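Welcome! Have the sequence and the 3D view ready, and try each task before you read its solution.

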Amino acid sequence: MIGLILVLVNTTFTTEFYAEPEGLDSLTVLCMAQHPEGDLWLGTYVGLSQFNGLDIRPLATPALSRVRRIVFGERTWLPTFNGLFVFENGQWTQMPDIDNVYDVLENAHGTWVATGKGLYLIEQGVANLFADQRGMACNKVLRLKAINDRQFWVGTECGLIRFDGVGFSLPLETEAIFGDGVYDIAQSAESTWFATTNGLVRSRHGETTKYDQSRGLPNNQVWCVTVDSRGWVWAGTDGGLALSKDHERFETVNPEQTLGFTTIYAITEEREGSMWLGTCTGLMHIPEPALREGSLNSGETTLPVMGFLKHSRHGLLVSTQRAVYIDDEIFVDEPYVRSMLEDEDASIWMASRSGLIHWTPDKLTRYGPVDGLENDHILHATWTPDHEILISTLAGAFVYQNGRINRLQGFDAHTRVHATLPQADKTYLATEEGLFIASARLPQARVLGPTVETYSLLDSRRHGLMVGNAQGLANFDLNQFHMLRDFKERIYGLAEDNNGTIWIALQSGLACWNGLQKTHVWPYQGQLEASLNAMWSDGDGVWFGHYRGYLEVDAANYSILTNPYYPNQLQVHRGAFKITAQMRVPTSSNPITIALNPGSLRFTKNYKIQLYDRDSGQWSTFQGSETTWPNTDIGQQQIAARALLPSGQTSEESKFEFTISPPFWRSVWFRSSLVIAFLILLARELRSLRTKNQLLALRTEHLTAEVARETAERLNKEAELKMLHSQMNPHFLQNAFNTAIAQLRRAPENTEKLLRGLAHLFRYHMQNRPDIWVTLKSECQLAQSFLAIQKIRFEDRLVYHIDLPPELESSKVPSFIIQPLLENAVMHGLNRTLGQLEVKLSFRKQSDLVIQVSNGGHEPLNSFPAKEGHALANIQKRLDILGQHSMTYQFEKGLHLFEVHIKEPI
């Protein structure tokens, strides 16, 4: 037998680790979400924390346990184990009568709450159980995911359900998830992914695909799934992190490190492309540059644009997360440049995450902490009228002049400054504490208006100072703020064209305002933090940078223009191997991939690729900017590709030629070697099978003998138990008949009642004698009959109580285990007292079933009353044979207490 050896290439990324020393209140991070203002919120096993990129600090909340989700909307919701909390009017409030909460979803119907007891709908502040009469088959709801404004997915402990706006139904996807718990749901352009207790399920165009360990997952228990901006699918499992780029197989991430085998509870993508992971061992971070360095080929054809420098003497400079570009070449290999300034000598000043950078053709100079810049994460830089550089950072504002950097005073040294607007006699500063103003020589700044985080500033020719903040757009005139009612979302960027129209980078895309009304020009689904300093107008047009690239907008008719500065790029790869034009490529099983990057869409993925099919004479359309080439025939190949834009237009055609060489395995020497190798392996396999068969026969013989021995031991135990049972029953019946005879002499009128009780006891004995285990209810019925007989005999001297909780009635106990204990308690108790004796039989459930028999007494017994042949000794021996705990006795608070712990049989 010849086995097929499959070698998997694992993925390794550089990671950063945060745990308790960095401020985490618990190593178990259950959920994460990025706040609209940028900070990362962390839900742990014991509370809620906030991470601003520098430090982790706890948020003031009520006592929380297991924060399972963080939902930002009109209100902030915290589903936790000990209830649902909502943040309103500056404080946290707990919703009444709801606990064990897993998720929250707000849509047109109201607020839905997923709990361990069912699905609730909050209406007018009252939570009502919604699913009772609507077709909901499972009460434990784990995840909610919106499909549209009225419909949503419901992930439950029993599988997947869909709410269609009226009631619940089982979708086609349920067939692949039936009986599995659904813990997370993620959606991409064409697919929906379901994280379940038995793998990952993908639904695409009505068809489902199951992914488990056979397709690369490190563990079938999948807690979370995320589709990032690259189209990659990340799956957090009980045994590590998995990643798939091609949606065919998954690979374990960092398999030799903690990330490769720890439990992953949450995955989220930061706005700038980094991945954050909540695990059972802390918070982990995979930076965006590390993602580009990973062993998977990203095929990335889009870059977030962070800044422009249009009319420089060098041409159009575009800064991205990777580098600063001019045309299609890297101008400066410096990532995360947010703004650029050109000096009089044509040198370029750049504000980056790693300080202030001065570029000249012969050198690159960097200014940082050693030069007086206390925080080198720069968000913005601009010229002052005195040709100084005003620098905005995460920790205040600074001024650069002649090689020296000084801090601008007037606000907290840790205040984030997003942007500045210098004028002849004053300077405005947009900060997280609001709008500040400083005098001409910048000695000190003071706050203006409300304390609202402010992002962008514009000195409009028509409207004066325009301010974009977290609450919307405002006009600042005569020291008064006037909020524009048409803008109620965060404003990240502002620009003005020749007509006096204000162009606005919103959280939801690009809009403009002509002084009277708002027009939404370009909708965008996602955050636009990268556009903060990437908005610029040359009068007739607007350049708008965002997380997916940038656009040029015709200001006259609000149309999106193409970008003529970059030529088309057609790239062909086989695995990690790049194929160039006219190359001879050896035959390989790896697929050939084609990536088209049209110059007009250099920094976006908002198009589809089309390939020309020579057989049909037509163009075939594929999703995204990269696809697998269907033709891998030997010989000369010609590829023709173009981009299909959302408007229906196509880019210019790009062509590419290369040759696929015949495979080496067609040679005679290779085929002969293969036959010889096959025969050698076959001989080895036959010899190995013969040895295995011999070992299997010996193992079978050994197992047969072992089973026979264990069967004999079990039968011997059962025989001994039944023998002890038979010894105990006659002992009890003998005592019972003696009681009947004594009662007959003493009170003949009670004889019939007593004999009927004895008949019931005898009938129970005959019915239950073969059974080793019986229900607790039947044992208590026997105990009731016995005590009733003793009550007839001893009248007022005996008082008894039986306390049997209803939920314990079906518990299993050894037969005839309770009556001997009661007989011992009655007979020995009455022998030691002349007064009234109280006997109590009670039960409780701990890890085991506990049986207690007590009676009143005046003195403890000298020793454990279980002599050879005694009923208590028989009970003790039966417990030993059944592998139970030993019976215990103690004298406490004037009571003789016998206690038996019973482990129910498996």
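## Exercise 1: a residue in a strand

R404 has its place in strand β40 (residues 404–407); strands (E, at least two residues) and helices (H or I, at least four) are DSSP runs numbered from the N terminus. This is a predicted model, where local features need pLDDT of at least 70, side-chain atom pairs count only at pLDDT 80 or more, and totals for chains, interfaces and linings use all residues. Residues are numbered from 1 along each chain as its sequence is written, and side-chain values use heavy atoms, with hydrogens and water left out.

Task: decide whether R404 is buried or exposed.

Solution. Start with the cut-offs: buried is under 20% relative accessible area, exposed over 50%, partly exposed in between (1.4 Å probe, protein chains only). R404 has 59% relative accessibility, so R404 counts as exposed.

## Exercise 2: a hairpin

Task: find which strand β22 pairs with, and in which sense.

Solution. First, locate β22 at residues 222–227, where five of the six residues are buried. Next, see that β22 pairs with β23 (residues 233–237) in the antiparallel sense over five bridges; pairing requires at least two DSSP bridges between two strands. Within this pair, C224 stands opposite G236. Finally, look at the turn: five residues lie between the strands of this hairpin, and G231 there has a positive phi of about 90 degrees.
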